[in-house]
Amino acid sequence: MPTNLAKYSNPDGVVPDRATWTPWLRAWRMLIDAKHHGDIYEAFLGMEAPVFARAYYQVRSHPNGRKLFKHKPDLLSVLNDVEYLGSLPFGSLGHAYLSFLNTNKLDAGVFGESSIIRPIAEKNNWDDDFYYMIIRGTALHDMFHTIGGYGPDIAGEMANIGFHCGQMEPAGPLEKLGLFGALTLPGAAVPFKLRYYRQAVERGRRADLLMAAPWEELLELPYREAQSILGVSPVEVAHPQGRWTTEWTPPSIKPPTPWNYERILVGGPVAA
């Protein structure tokens, strides 16, 4: 078992399955200062508690999910291994993932395991297998962007939410949040954005259970092959009318650099 995850042990803990809205009383601070992103994360987990509980039991019932809980591979350490990712061939899933991170100077952590996630787990008495699933799922946020081909802009985030929601249906308030974003955010006409969002939901619905996927084994495979194995349709199939993008960002967030791995594949080998 990975050292950094072995520190959290609570086999008699609980799998939270009731929504709580109290954390949202602090989450608004994220709009003013991005350093409060942990508030948004805790509010999100509380809001979607029944959804994550259901996802936990789905992963436990999946053949590969049972292996994950037994061995608890440290996916985050693999995704943080820039030297390893950089050694993977052009066109591989790992190359695509590193390309996504490097485009906007991101790292695989997203939310700190010890500084943000662990205190939430300890406060709420999480079961250690549930904790492992949340850690692994959080590490997969940018991988979902990568396998889905959704950029780091706000429109890409809304599409990624829809993609997640298709995996987690019924997805609760999160799906309504994504739908609200599609209605209100700029970048395209409302009918186009709503259709795009619904296509993203359907795309996630048709894919395999991505939370249970053996991502460590998929990184070296060609990008298109990894999509096929996971049942993730290519962007041009899922969104035949084209992409929705926007340059608008909240005041507290630095505008991202556009990312489109399909174009990178067409253009040929470049530095990740």
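This is a predicted model: local features need pLDDT of at least 70, side-chain atom pairs count only at pLDDT 80 or more; totals for chains, interfaces and linings use all residues.

Numbering runs from 1 along each chain as its sequence is written, and side-chain values use heavy atoms, with hydrogens and water left out.

Let's start with Glu-113, which sits in helix 9, residues 113-123; helices here are DSSP runs of H or I, at least four residues, numbered from the N terminus. Glu-113 is buried at 14% relative accessible area, where buried means under 20% with a 1.4 Å probe, protein chains only. And what does its side chain pair with? There's a polar contact of 2.4 Å to the side chain of Arg-118, and one of 2.4 Å to the side chain of Tyr-131. By polar contact I mean N or O atoms within 3.5 Å, one able to donate a hydrogen and the other to accept it; residues adjacent in sequence count only if both atoms are side-chain atoms.

Next, Gly-149, in the loop between helix 11 (141-148) and helix 12 (154-168). Gly-149 is buried too, at 2%. Leaving out residues up to four places away in sequence, Gly-149 touches Tyr-223, Val-235, Arg-243 and Trp-259, with contact meaning heavy atoms within 4.5 Å.

Trp-259 also turns up in the second largest pocket: 21 residues line that pocket, and Asp-153, Thr-245, Thr-246, Pro-258 and Trp-259 lie nearest its centre. A pocket is an open set of points on a 1 Å grid over the protein atoms alone, where a 1.4 Å probe fits, with protein on both sides within 12 Å along at least five of seven lines; lining residues have an atom within 4 Å of a point.

How values were computed
Helices (H or I, at least four residues) and strands (E, at least two) are DSSP runs, numbered from the N terminus. Buried means under 20% relative accessible area, exposed over 50%, partly exposed in between (1.4 Å probe, protein chains only).
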